Amino acid sequence: MTTMPTSAQLGRTYCTVIAGMILLSMISGCGSQPYGTAPISGKVTYEDGSLIPAPAIYLYFESQEENVDAKTFPRRGSAKVNVADGTFSEVTTYEPGDGAIPGKHKVVVEVLGDGGVPDYSYFPREYSDAATTPLNIEVGSKRSFDLTVPKP
């Protein structure tokens, strides 16, 4: 003869299952990313070393690493340039200031003019597109980069 479990027994079973699921997600690193990051910094100027006189400059680091699978791919890093001296240091890919994914990157430079609208008058437009930018870096043992763009 089989007896039905009591509501107290069902409650304990339910709590045990939930606690196990939470523990398993903590152990497996739920939400972690497979690429890793490395802090990088540097400076962006014109080829002659002068500063780009733009109101706001952003850099985007487009990783050239291969996708792990159809749903897992490298995210791009981004950084705001200090226009007063051309430096950047707080590159963010997954977490604020975590850096860029190790490996090769195409670097996109974007200038935002008044009203936050992209302004392509500060250097050739090709630098503002990942498909055409000639700027490349490799993040590895090297962590500091001097990037230059030509004057228009």
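**Exercise 1. Strand pairing around β1**

Gly42 stands opposite Phe145 in β7. Task: find which strands pair with β1, and in which sense each of them runs.

Solution. This is a predicted model, in which local features need pLDDT of at least 70 and side-chain atom pairs count only at pLDDT 80 or more, while totals for chains, interfaces and linings use all residues. Residues are numbered from 1 along each chain as its sequence is written, and side-chain values use heavy atoms, with hydrogens and water left out.

Step 2 takes β7, residues 144–149, which pairs with β1 in the parallel sense over six bridges. Step 3 takes β4, which runs antiparallel to β1 and is joined to it by two bridges; here Lys43 has Thr87 of β4 as its bridge partner.

**Exercise 2. Aromatic pairs**

Task: state how many aromatic pairs the count comes to, and describe their geometry.

Solution. Step 1 gives the rule: rings of Phe, Tyr and Trp (its six-membered ring) pair if their centres lie within 6.5 Å, and planes under 30 degrees apart count as stacked, over 60 as edge-to-face and the rest as tilted. Step 2 applies it, and the count comes to two aromatic pairs. Phe61 and Phe88 form a tilted pair, with 5.8 Å from centre to centre and 45° between the planes. This pair links distant parts of the chain, since Phe61 is in strand β2 and Phe88 in strand β4 (residues 87–88), 27 residues apart.

Step 3 looks at accessibility, where buried means under 20% relative accessible area, exposed means over 50%, and partly exposed lies in between (1.4 Å probe, protein chains only). Phe61 counts as buried because its relative accessibility is 0%, and Phe88 counts as buried because its value is 2%. Phe123 and Tyr127 form an edge-to-face pair, 6.2 Å from centre to centre with 80° between the planes. Both Phe123 and Tyr127 are buried.

**Exercise 3. Salt bridges and a charge over a ring**

Task: find which residues form the two salt bridges, and where these residues lie in the chain.

Solution. Step 1 is the criterion, a side-chain nitrogen of Lys or Arg within 4 Å of a carboxyl oxygen of Asp or Glu, by which the count comes to two salt bridges. Step 2 is the bridge between Asp48 and Lys151, whose closest N and O atoms are 3.0 Å apart. This pair links distant parts of the chain, with Asp48 in the loop between β1 and β2 and Lys151 in the segment after β7, 103 residues apart. Asp48 counts as exposed because its relative accessibility is 52%, whereas Lys151, at 46%, is partly exposed.

Step 3 is the bridge between the side chains of Arg76 and Glu62, at 3.2 Å from N to O. Arg76 lies in the loop between β2 and β3 (77–81) and Glu62 in strand β2, so this pair ties together parts that are 14 residues apart in sequence. Arg76 is partly exposed, with a relative accessible area of 43%.

Step 4 turns to rings, where a charge sits over a ring if NZ of Lys or CZ of Arg is within 6 Å of the ring centre and within 35 degrees of the ring normal. Arg76 lies over the face of Tyr60, 4.1 Å from the ring centre, and the charged end of Arg125 sits over the ring of Tyr120, 3.8 Å from its centre.

Terms used:
Helices (H or I, at least four residues) and strands (E, at least two) are DSSP runs, numbered from the N terminus. Two strands pair if DSSP finds at least two bridges between them.
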